[in-house]
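Biologist: Before I rely on any label in this model, I would like to hear what stands behind each one. Could we go through them, setting each value against its definition?

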Amino acid sequence: MSAATVFVARLAGAGVFDAAGERMGKVRDVVTVPRRDAPPRVVGLVVEDRGRQRVFLSIGRVLSIGGGQLIASAISDRRFSQRGSERLLLADVLGRQVTLRDGTTAVLEDLSISERGPGEWEVDELFLRKPKTSPFGKGPSLLARWGDVQAAVDAEHDTEHLVASLDDLPAADAASAMLDLPQQRMIEVAEDLSDDRLADILEEMHEDRQVEILAALEDDRVADVLDQMEPDDAADLIAHMTPERGETLLELMDPDEADDVRMLLAFGADTAGGLMTTEPIIVASDATVAEALALIRRHEVAPALAAAICVTLPPYEAPTGRFLGMVHFQRLLRYPPNERVGTLLDDQIEPVLASASAAEVTRELAAYNLVSVPVVDAAGRLVGVVTIDDVLDHLLPEDWRAQEEASRG
């Protein structure tokens with residue numbers, strides 16, 4: 001089970017294992033980004049893999065930390081490269097002299113990071129050592145919070161302040177703020193944003209602006225950002241690139257993510273297959289209500305996808321085994337935790353074929369007051385779901401975001 005609080009110095013050299021217990025490497029550092037009026041956010045770790053290369057491990061892939069080891073779902077095979085706003089806690093922060101609010105100084109000997117939610121970690125307490133008061137022994141120690149010191153790292157540049165301020169905004173507002181920046185400034189900010197945050201912001205922009213920003217970034221970085229995007233958004237973006245660049249990026253992406261995007265690119269833009277997302281919540285018919293609700297609670301699940309679960313035969317990743325039906329979240333709440341979801345299927349919901357038109361999908365959603373509709377292939381296998389968000393994006397004019405920005409101005 002993951003520890004709620006971990007001191008960073010104790011993480012140095014800790015083993016990194018996969019869920020099966022196989023050693024993948026060891027921790028070398030903790031990567032953070034600054035935030036305005038809040039402690040730095042942990043975005044990942046630097047891991048030395050078995051080939052002695054230093055690679056980046058996203059904090060979202062960490063399953064647990066504790067007992068002197070770390071368990072993760074996977075680690076990257078690309079070398080770690082520190083970006084402008086990122087700080088390495090062991091290399092850049094520990095050992096620095098800091099000034100407390102009362103004007104006294106101390107040396108930062110260690111600090112802790114705490115989990116605030118699933119996959120969300122931030123700097124918590126600072127372990128400080130004050131100057132010696134006598135020739136013998138060490139100076140007195142104390143614990144402090146990040147806000148108790150005036151500066152724990154070098155003064156942040158303007159770009160870092162802007163990155164931190166964007167981190168506090170909803171993705172749509174952050175996208176508007178970025179688009180208001182001069183071209184070069186916008187690119188600088190994009191370079192300093194974390195992969196997942198840049199992905200969230202790009203999803204709120206028109207594809208032409210997405211292509212414009214990503215054209216200024218290196219292919220490896222773009223592939224990392226595409227990995228963090230929803231597959232349907234990534235597919236729409238790649239479709240607006242040249243075939244050569246799109247294929248290059250697909251080769252650099254995580255193979256599983258790239259497979260989803262390739263499948264979506266094979267469908268027409270105005271079909272159910274072209275609109276759908278390939279990552280619905282999928283369970284077996286003998287899964288319990290408690291297990292289904294636990295999947296819905298995951299922080300990375302979008303509200304429209306959390307409204308219902310899909311029940312299929314194995315395998316349980318799209319394209320799945322035969323599609324059996326859907327169960328709405330509201331219905332799950334009415335039954336005891338040990339009830340099997342296979343007994344709760346909604347027999348009024350019929351899936352649509354991936355080749356169905358966008359108009360047909362829209363009528364299905366409207367006729368049955370649905371938030372999402374399942375999409376199957378000719379063999380009856382679930383390949384994805386179309387959500388109400390997907391349909392709205394399709395129905396709105398292509399320049400609706402630009403119109404919204406103009407109305408705000």
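Biologist: What makes Val 371, Ile 388, Leu 392 and Leu 396 a nonpolar surface patch?

Modeller: Patches are made of residues with over 30% relative accessible area and no salt bridge, where nonpolar side chains (Val, Leu, Ile, Met, Phe, Trp, Tyr) are joined within 5 Å and like charges within 9 Å. Ile 388, in helix H17 (residues 388–395), has a relative accessible area of 33%, and together with Val 371, Leu 392 and Leu 396 it makes a patch of about 280 Å². That area comes from the Shrake-Rupley method with a 1.4 Å probe, and for residues only the protein chains shown count as cover.

Modeller: This is a predicted model, in which local features need pLDDT of at least 70 and side-chain atom pairs count only at pLDDT 80 or more, while totals for chains, interfaces and linings use all residues. Residues are numbered from 1 along each chain as its sequence is written, and side-chain values use heavy atoms, with hydrogens and water left out.

Biologist: Why is Ile 388 called partly exposed?

Modeller: Buried means under 20% relative accessible area and exposed means over 50%, with partly exposed in between (1.4 Å probe, protein chains only). Ile 388 has 33%, so it is partly exposed. Arg 116, which lies in strand S10 (residues 105–117), has a relative accessibility of 49% and therefore also counts as partly exposed.

Biologist: What does Arg 116 touch, not counting residues up to four places away in sequence?

Modeller: Arg 116 touches Glu 122 and Asp 124, where contact means heavy atoms within 4.5 Å.

Biologist: How do you know that Glu 257 has no salt bridge?

Modeller: A salt bridge is a side-chain nitrogen of Lys or Arg within 4 Å of a carboxyl oxygen of Asp or Glu, with Lys and Arg counted as positive, Asp and Glu as negative, and His and the chain ends not counted. The nearest side chain of opposite charge to Glu 257 is Arg 61, at 5.8 Å, so Glu 257 is buried yet has no salt bridge. Glu 257 is placed in helix H11 (residues 255–265), and, leaving aside residues up to four places away in sequence, it touches Asp 227, Pro 231 and Glu 279.

Biologist: What makes S18 and S19 a pair?

Modeller: Strands (E, at least two residues) and helices (H or I, at least four) are DSSP runs numbered from the N terminus, and two strands pair if DSSP finds at least two bridges between them. Strand S18 (residues 372–376) is joined to S19 by five bridges, so the two count as paired, and they run antiparallel. Within this pair, Ser 372 stands opposite Thr 387 in S19.

Biologist: Why are strands S14 and S16 said to stand at the edges?

Modeller: They belong to an open sheet of three strands in the order S14-S15-S16, with mixed pairing. Strand S14 (282–283) and strand S16 (323–328) each have a single partner strand, so one side of each is left without a neighbour in the sheet.
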